[in-house]
Amino acid sequence: MAKLATATRNPALSGHSVGGHGVLLKVLAPASRMSLRARPAAVAALSKALGVSLPDKAKTSAAKGGRTVLWLGPDEWLVIDEAGGDPVADCASVKGLHSAVDVSHRNVAIAVTGPNAAATINAGCPQDLSLDAFPVGAASRTVLGKVEMVLLRTGEEAFRVECWRSFSDYVYGFLSEAARDG
């Protein structure tokens, strides 16, 4: 009997980590992600199904039990589940009009931490990342250099950068250079 070849799928940038000059970059483990669009009438039912209230204000997020929901627009959220859950399945029984799309393999997440984390991101992002303007829990869709990213402040000196897999080499390289220039 012939032996079948097998392939191992490795996440983009798997194992990458860089530190120095008051900042550490670390590619985060894969997570379940869902792009969610919904009318206001469905928000309460979706919040209940997901186990976390969908934020209703610009630049905000909510988190509970390993699941984080980022407000991206008046009817749009990014749901990140790091606890092994399936947010799309959780929304399947909700009757209200909504669109729940699994985008788990579309994105790569990079943690940017340390006293120079904000300055490293600001090397390519025009957004004011001071704690007054962008407090812990703040989230937004913005740019880094030439690409779109979703940014979440996870601590006073910590951020989560979400970018499309196809841009992850560029984003990681950009942040690495900015960290070295720190």
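## The five-stranded sheet

In this predicted model, five strands form an open sheet in the order β4-β5-β6-β3-β7, with antiparallel pairing; two strands count as paired if DSSP finds at least two bridges between them, and strands (E, at least two residues) and helices (H or I, at least four) are DSSP runs numbered from the N terminus. The edge strands are β4 and β7, each of which pairs on one side only. Neighbouring strands of this sheet are turned by 20° against each other on average, direction ignored, where axes are lines fitted to C-alpha atoms, for helices over the stretch in contact, and angles run from 0 to 180 degrees between N-to-C directions.

Four bridges link β4 and β5 in the antiparallel sense, and Ala 63 has Thr 68 in β5 as its bridge partner. β5 and β6 pair over six bridges, again antiparallel, with a hairpin of two residues joining these strands and with Asp 81 in β6 as the bridge partner of Arg 67.

## An enclosed strand

Six of the six residues of β6 are buried, so this strand is largely enclosed by the rest of the structure; buried means under 20% relative accessible area, exposed means over 50%, and partly exposed lies in between (1.4 Å probe, protein chains only). In a regular strand the side chains alternate between the two faces of the sheet. Both faces of β6 are covered, with Glu 76, Leu 78 and Ile 80 buried on one side and Trp 77, Val 79 and Asp 81 buried on the other.

## The helix across the sheet

Helix α1, residues 43-50, lies across β3, β5, β6 and β7 and runs at about 165° to β3. The buried residues of α1 are Leu 46, Ser 47 and Leu 50. Seen down the helix axis, these buried residues fall within an arc of 100°, so they line one face of α1; the arc is taken from the directions from the helix axis to the C-beta atoms. Their cover includes β3, β5, β6, α2 (87-91) and β7, judged by contact, which means heavy atoms within 4.5 Å. On the other side of α1, Ala 44 and Lys 48 are exposed.

Just after α1, Gly 51 takes a positive phi of about 80°. Lys 59, in the loop between α1 and β4, also has a positive phi, near 65°, although this residue is not a glycine, and at 34% relative accessibility Lys 59 counts as partly exposed.

## The nonpolar cores

The largest nonpolar core has 24 residues, and those with the most contacts inside it include Val 112, Ile 121, Leu 151 and Phe 159; such a core is a set of buried Ala, Val, Leu, Ile, Met, Phe, Trp, Tyr and Cys residues joined through side-chain atoms within 4.5 Å. β2, β8, α3, β10, β11 and α4 each supply at least two residues of this core, and the largest share, four residues, comes from α4. Apart from this core lies another, of 15 residues, among them Met 34, Ala 38, Ala 62 and Val 94.

## The chain as a whole

The chain has four helices and eleven strands, and buried residues make up 43% of its 182 residues.

## Basis of the values

Residues are numbered from 1 along each chain as its sequence is written, and side-chain values use heavy atoms, with hydrogens and water left out. Local features need pLDDT of at least 70 and side-chain atom pairs count only at pLDDT 80 or more, while totals for chains, interfaces and linings use all residues.
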